[in-house]
Amino acid sequence: MSPASYSRAAAAARSGPIDEIFAMLAHRPDIISFAVGSPDTDLLPVDLMPELVRRATAKYGPAILQYGMTQGFDPLLGHARELLGTRGISCPGRAIHIATGGSGALHNLCMALLDEGDVVLVESPTYGPAVKGFRSHGATVREVACDEFGIVPEALAEALSPEVAFLYMLPTFQNPTGRTVPAARRQQLAEVVLRRGALVIEDDVYADLRYHGDPVPALWSYAPENTVYLTSLSKTFAPAVRIGIVVLPERLSDRTLALKQNIDMQTSTFCQAVATEFLESGHAQAHLARIIDTYSSRLDTLVTALDRYFSPEFRWRKPDGGMFLWLEGPPGFDADIAVRSALEQGVAYLPGSVFYAEDGLRHRDTIRLSFANVADRDIDRGIKRLMAVFEDRG
C-alpha cells in the first residue's frame with residue numbers, strides 16, 4: 001500500500017517526539033523517567049485479580065464471556081451511577097454508558113459529532129492524543145487562551161463560532177499542567193457555553209487523585225444539558241481493564257450508542273464484570289487510599305527536589321492532585337533541545353511544546369513532569385540529574 005492510499009485518520013496518526021522518547025525508554029530501563037503519564041505498575045492490584053475473576057465468574061457465569069448490551073453491564077452501570085453521584089452528577093436512563101476507556105469514549109464522540117472542516121476548541125496547552133484524534137476525524141483544532149485559572153471566559157466567547165463542534169477540556173488536575181479550574185471560573189465558562197448554546201466535553205479522569213484542598217464541582221454541574229462528562233477507572237483500578245464512563249445529554253445518547261455498537265459492539269463484558277467486583281469487594285476504597293498516599297508523597301518529594309536543585313529562574317506551581325507538574329524555564333531555555341542530553345544522563349521528561357495544538361515552537365521553555373510512576377528514591381536523583389543537564393547547556 002502506498003502512502004498516498006492511506007486514510008486521513010492513518011495520515012494523522014504519524015509518530016512524533018513522544019513516540020520516539022517512549023521507544024528509547026523501552027530499551028533503557030535504567031532511565032529515571034518523568035515522561036510516562038501512567039499509573040505505577042507496582043500499585044496495580046495484581047494480587048486482587050484472581051479473587052475478582054473468581055467472584056465474577058461465580059456470580060454471573062458464562063454471561064460474562066458473551067456479547068452484552070452496548071450501553072454497558074447493568075451491575076457496573078449501577079456502581080458508575082453511585083460514583084458519579086459522589087461528584088454531584090445524576091444520570092438517569094440512557095444518559096450513561098460504559099466505554100472502552102476514556103480514549104474509546106472520545107473516539108465514539110468524534111464519530112458522533114465531527115464532520116470534515118469542523119472546529120474543536122481546546123485549552124492551551126492540552127492533552128496531545130486527543131488533538132491527534134480530533135484531527136483524524138477531519139477537525140481543525142484551535143487553542144483558547146488560558147491563564148493560571150484555566151480558559152479565559154472572554155477568550156472562549158470570542159472563539160465560539162458556528163463551525164465549532166465542541167470545546168474539549170480537562171478542568172481537574174489537567175494533563176499536562178496539573179491545573180485545576182476553580183469553581184468560580186467554571187461557572188463563568190458555563191455561562192458562556194449556555195449563552196452561546198455550545199457543547200463541552202469534560203474529561204475528568206483524574207478527579208479521584210486529590211491530595212490537597214476540597215473537591216470542585218464538575219463543570220457538568222453548571223451546564224448538564226451542554227456537557228458530555230467523561231471519567232474512567234484507568235487511574236484508580238487498572239488501565240488494561242479499559243473502563244470508561246460517559247454521561248451524555250439525552251439528545252446525544254441514542255446516536256452515540258448506535259455508533260459505538262458499530263465500532264466495538266460493547267466494552268468487554270468480562271472486564272466490566274471484574275470491575276464490578278472490584279467496586280463491590282471493599283478493596284476499592286483501600287486501594288484508592290494507597291494510591292493517593294503514594295502519589296501525594298511523590299509529589300511532595302518532587303517539589304522538595306525542585307526547590308533544592310533548580311534555580312529561581314524556573315517556575316512551577318504545586319498541583320492539588322493528579323499525576324503532573326508543569327515547569328516553565330527562563331527566557332532562552334529550550335527544553336526540546338535538552339531532551340537527548342537528558343536521556344544520555346539517564347533521565348527523561350516530555351518537552352511542553354508537544355502539548356500545544358497550534359504553535360508549540362513558542363513554548364519550548366516548558367516541561368511536563370509526571371511523578372506518579374517514579375519511585376520516591378529516584379525522584380531526588382532524577383531532578384538533580386535534570387538540573388545538571390540544563391546547567392551544562394547554559
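Helix axes here are lines fitted to C-alpha atoms over the stretch in contact, and angles between them run from 0 to 180 degrees between N-to-C directions. The model is predicted: local features need pLDDT of at least 70, side-chain atom pairs count only at pLDDT 80 or more, and totals for chains, interfaces and linings use all residues. Residues are numbered from 1 along each chain as its sequence is written, and side-chain values use heavy atoms, with hydrogens and water left out.

**Stop 1: two helices**

Select residues 49-60, helix α3, and residues 269-280, helix α10. Helices (H or I, at least four residues) and strands (E, at least two) are DSSP runs, numbered from the N terminus. The two axes come within 9 Å and cross at roughly 110°. That makes α3 roughly perpendicular to α10; angles of 65 to 115 degrees get this label, while those under 35 count as roughly parallel, those over 145 as roughly antiparallel and the rest as oblique. Show side chains at the crossing: residues of α3 including Met 49, Leu 52 and Tyr 60 meet residues of α10 including Phe 270, Val 274 and Phe 278. Contact means heavy atoms within 4.5 Å.

**Stop 2: the two domains**

Colour 8-45 + 285-392 as domain 1 and 68-281 as domain 2. These bounds come from an automatic or database domain assignment. Taken over C-alpha atoms, the domain centres are 25 Å apart. Across the boundary, 32 residues of domain 1 are in contact with 35 residues of domain 2.

**Stop 3: the nonpolar cores**

A nonpolar core is a set of buried Ala, Val, Leu, Ile, Met, Phe, Trp, Tyr and Cys residues joined through side-chain atoms within 4.5 Å. Buried means under 20% relative accessible area, exposed over 50%, and partly exposed in between (1.4 Å probe, protein chains only).

Select Phe 134, Tyr 168, Tyr 349, Leu 369, Ile 383 and Phe 390, the residues with the most contacts inside the largest core, which has 75 residues. Helix α11 (residues 283-309) gives the most to this core, with 8 residues. Both domain 1 and domain 2 give residues to this core, so it lies between them. Another core, of 30 residues, lies apart from it and includes Ala 56, Cys 91, Val 247 and Ala 284.

Now centre on Leu 369. Beyond residues up to four places away in sequence, Leu 369 touches Phe 34, Met 323 and Tyr 349, among others.

**Stop 4: Asp 300**

Go to Asp 300 in helix α11. Asp 300 is partly exposed, at 31% relative accessible area. Leaving aside neighbours within four places in sequence, Asp 300 is in contact with His 212 and Lys 318.

**Stop 5: backbone exceptions**

Most residues other than glycine have a negative phi, and most peptide bonds are trans. Select Ser 124 and Pro 125: the peptide bond from the former to the latter is cis, with omega near 0°. Pro 125 sits in the loop between β3 (119-122) and α6 (128-136).

Next, Phe 173 has a positive phi of about 55°. Phe 173 is in the loop between β7 (164-169) and α8 (183-196), and is buried at 0% relative accessibility. Met 265 also has a positive phi, about 65°. Met 265 lies in the loop between α9 (250-264) and α10, and is partly exposed at 41% relative accessibility.

**Stop 6: cysteines**

How many disulfides does a search of the whole structure find? The search finds 0, a disulfide being a pair of cysteine sulfur atoms within 2.5 Å. Select Cys 91, buried at 5% relative accessible area, then Cys 271, buried at 18%.
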